[in-house]
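Open your viewer and get ready to click along.

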Amino acid sequence: MTRYSVVGKPLPKVDAVAKVTGRAIYADDMLLPRTLHCRILRSPHPHARILAIDTSAARRMPGVQAVITGHDLPVKFGILPVTQDERALEHEKVRYVGDPIAAVAAIDEETAAAACDAISVEYEVLEPVMSIEDALAEPKDERIQDYGGPNNIHKLVALEFGDVEAGFTRADHVREDVFFFQGNTHLPMEQHSAIATYVDGKVTLWSSTQVVHYVHRALARVLQLPMNRIRVIGASHGGGFGGKTDPFAHEIIVCKLAMLTGRPVKCTLTREEVFYAHRGRHPVLMWVRTGATREGRITAMHFRTALDGGAYGSYGVASTFYTGTLQTVTYDIPAYRFEGCRVFTNKPPCGPKRGHGTPQPRFALELHLEKIAHDLGLDPASMKRSNFVKPMTRAVNWLRITSCGLDECAERVIEASGYRNRTRRSGHGMGFAISSYLSGAGTAIYWNDMPHSEVQIKVDRGGVTVYCGAMDIGQGSDTVLATIVAEELGLQPADIRLVTADTDTTPIDLGSYSSRVTFMAGNAAIQAARKMRSLLVEAAAAKMGCDSSEAAVVAGHIGDFSFEEASVLAEARFGTLTSAGSYTPPKIAGPYKGAGVGPSPAYSYSACVVELDADARSGLIDVNKIWIAHDVGRAINPLLVEGQIEGSVYMGLGEALMEEQAFRKGLHKWPSMLEYKSPTFLDMPEVETFIVETVDPEGPYGAKEAGQGPLLPVPPALSAAVHDALGVWIDEVPVTPEKIVEALRRKEKGEPARFGPARFPAIPYPPIIKVEPPPKDLDRASTAAI
Amino acid sequence: MRDELSREVERVVVALDVNGERAELLVPVHKTLLEVLREDLRLTGTKHGCELGECGTCTVLVDGRPELSCLLLPVQIEGRAITTVEGMARGSDLHPLQQAFAELGAAQCGYCTPGILLSAKSLLESNARPSRDEIREALAGNLCRCTGYAKILEAIELAAERMG
């Protein structure tokens, strides 16, 4: 086994001291000389035409420096090239309560807010569309968006891999279920914030974003400036979870206001506005039909989803595919049909939240298989395990599976929790579930052949600086970069200087989403560091008069020299010492339209057991303990991996028990941190974490993702545990006391002992595109492109 | 509109004792301690998550007890000792809580960290070896979205052990 000096060690994060001393500068902490403050006027109506906007009174207010409306920023933008449907400020139509209409820059926030109040907007109020059912029906007034359709449908997908009908015919048992996963939001502790300057014809923006590059692109488009006139810098980041992955209106607005006023302009959203910015978990209604043999082997599966997308596209097309894609990378499904639908509604737009589009179908799939196991009289965990995919295979929808520690993860949590021999008594239960997630999306959001991540290294008289566009959002991507470069150069992470997330000074990285940074920036960093290492080794060996293989790189030394001496020798020999590395994912997508969503260079795997007490009278749940095992390939820093796993379990538990983005008459029911319930210190049970290392053939040192996958099995494991405890199925997230009590009431009355959606609506899915499964000779996965 | 410009904002002179340093300021009477710390004294280590007293992010210590700076007015606490995260380290030496949080990865995005550190400091000053349940109870008003609280709990225990 390879021995590493810093990889695999639980070292503190490189920014730990800045974070614990309050020294880290977040966007709202910045206050440049002459900064103006911006407030945004937002729609009070969920759906309305804008007839007129009068800003004259606001403009006359002392202290107001600029007022802008949609006429000043008419160009539409959006994260996906196919859905450029947003405006920074809307002047024609508003589509949700909170849609931005006008913005003010003033000498202080109070003046800006008062000026917003002085803007008068004349609306023609339209009928709001607030549910999936309403969106599928003919609109009473007009459609929310002018694309997609019919009615308020945004996107429809229908794909079939293998012969599904034959699979059902072959089955001994076929079962159908309907599930619902309520929407919820990221609730980062830090509100979104951005500050812009305009100096010498050049815009600079500091923002709390997960992706400086996509903000850069959106700014260039909307401000109609060349990208070289715009610089985007990621400020210290106070939490994203997917919620800061889109380019946002306020980021564009402060740039425009800075251009107009010639002064720095800052905008920090209020907590209420953060709920409207949203881009969180889609509410998804799901129908699933599965055929299985008597022994519990899956013969075919048909999965239908309907996503409530909110008012705009955001990542929605990708989200729709994701609700149907990753089912196949955990279970060997020989024939699979997926029909997906996303609708527009008059709510804040949904987008990517931790697990993007996959926690909802994972909840449905895991509970559905649990029910099939009950039907067949099988142990659910054993039945699931008998269907697990094998490493180095291709799924029926062409997804390439390489390293896979799924069975080991399952064994670890089953063994540790005592799931097999659990105490069977009313009111006490255990539930088991598994999951998988991407280590980065295999295709970019906009079509291009360029690398997804690039790293440059400069060595100068012993000092090492690493440049990379990656954005550390608290998950520790800076630490991963420093660790990798330190490992390759025989140094410590603290020896490495970092310049990250700055579009002027760092090479591209596509940002912190889809769990891609460790895998992609990590591989780019290894490549760059090894090139640098060879320069240093060559120079040291030449001086030593020996072969390069004899100049060992270890503990701050290269051959007979200190690192600093070696770097001086190398600089004398080669001139300026720089090296670069890049990473482009392998082209492994299947040969069909829509195949771009789902492929990843590697998948992580998780397994989870939840143990709880549930009270039949009140429906209250007391989670006692959660066991979680996660196949991370290799833990580059086990401390950080544990942190990601524990944080994922926490967030999954919040979604499972309480988090809910709900609306009443077009209004968000609880846009505050008090009313939007999230778990406190008192709500968190003990979590026992197992890191499983499968050493992925393509991951950096074998590493895969850790930040999203471990969230996924928590909601279904919790619901399965409720069934284990009380004998009722809660087929809906969140699993609340009211739902449990209602299900128990139904059970007593002799009705089906469940709470969940009664039916799945009729959706005009398009004709199914039939895709041949991959040929058998592709079954042994390789890095070779298809 | 001129009325708006000349609207009378009542200002008061306050003398605050922040991290052992006295600061005299002229501030609008309605400006919160959170705003005064961040904007007037530029002590931006104190963060804000809701400005409604719901999340605990803006926690500071007043005479050693945790208080939400978004709900306090400077005039209420004149002359009392205010401690912010900037006042925890002694010179370049981290407070044992800061050291433990750094070592154990208890700060991920770090945004809730200052408030949590101060709540924990207050706890350990009144209860040198708290039980896990006592830690949970004392920190229940501080939300964190990154860590699942696990590493925070471990770090507080480690600091308590070292301080003991």
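Two strands pair if DSSP finds at least two bridges between them; helices (H or I, at least four residues) and strands (E, at least two) are DSSP runs, numbered from the N terminus. This is a predicted model, in which local features need pLDDT of at least 70 and side-chain atom pairs count only at pLDDT 80 or more, while totals for chains, interfaces and linings use all residues. Residues are numbered from 1 along each chain as its sequence is written, and chains are lettered from A and ligands numbered from 1 in the order in which they are written.

**Stop 1: a sheet**

Select residues 173–181 and 284–292 of chain A: these are strands β8 and β13, which run antiparallel and are joined by nine bridges. Within this pair, V178(A) stands opposite W287(A). Now widen the view to the open sheet of seven strands, ordered β32-β8-β13-β14-β15-β7-β34 in chain A, with mixed pairing. Its edge strands, β32 (732–733) and β34 (769–771) of chain A, each pair on one side only.

**Stop 2: a residue in the sheet**

Next, click H302(A), which sits in strand β14 (residues 298–308) of chain A. Is H302(A) buried or exposed? H302(A) counts as buried because it has 21 C-beta neighbours inside 10 Å. (A residue is buried if 20 or more other C-beta atoms lie within 10 Å of its own, exposed if 12 or fewer, and partly exposed in between; C-beta atoms are placed from the backbone.) Leaving aside neighbours within four places in sequence, H302(A) is in contact with V164(A), R289(A) and R337(A). Here, contact means that the C-beta atoms, placed from the backbone, lie within 7 Å.

**Stop 3: a covered helix**

Select residues 714–726 of chain A, helix α17. All 13 of its 13 residues are buried. The 13 residues of α17(A) should span 18 Å at 1.5 Å a residue, and the end C-alpha atoms are 18 Å apart, which agrees. (The expected span is 1.5 Å times one less than the number of residues.) After α17(A) comes G727(A), whose phi is positive, near 75°.

**Stop 4: where the chains meet**

Finally, show both chains. The contact takes 44 residues from chain A and 42 residues from chain B. On the side of chain A that touches chain B, the largest share, seven residues, comes from α16(A).

Notes: Two residues are in contact if their C-beta atoms, placed from the backbone, lie within 7 Å.
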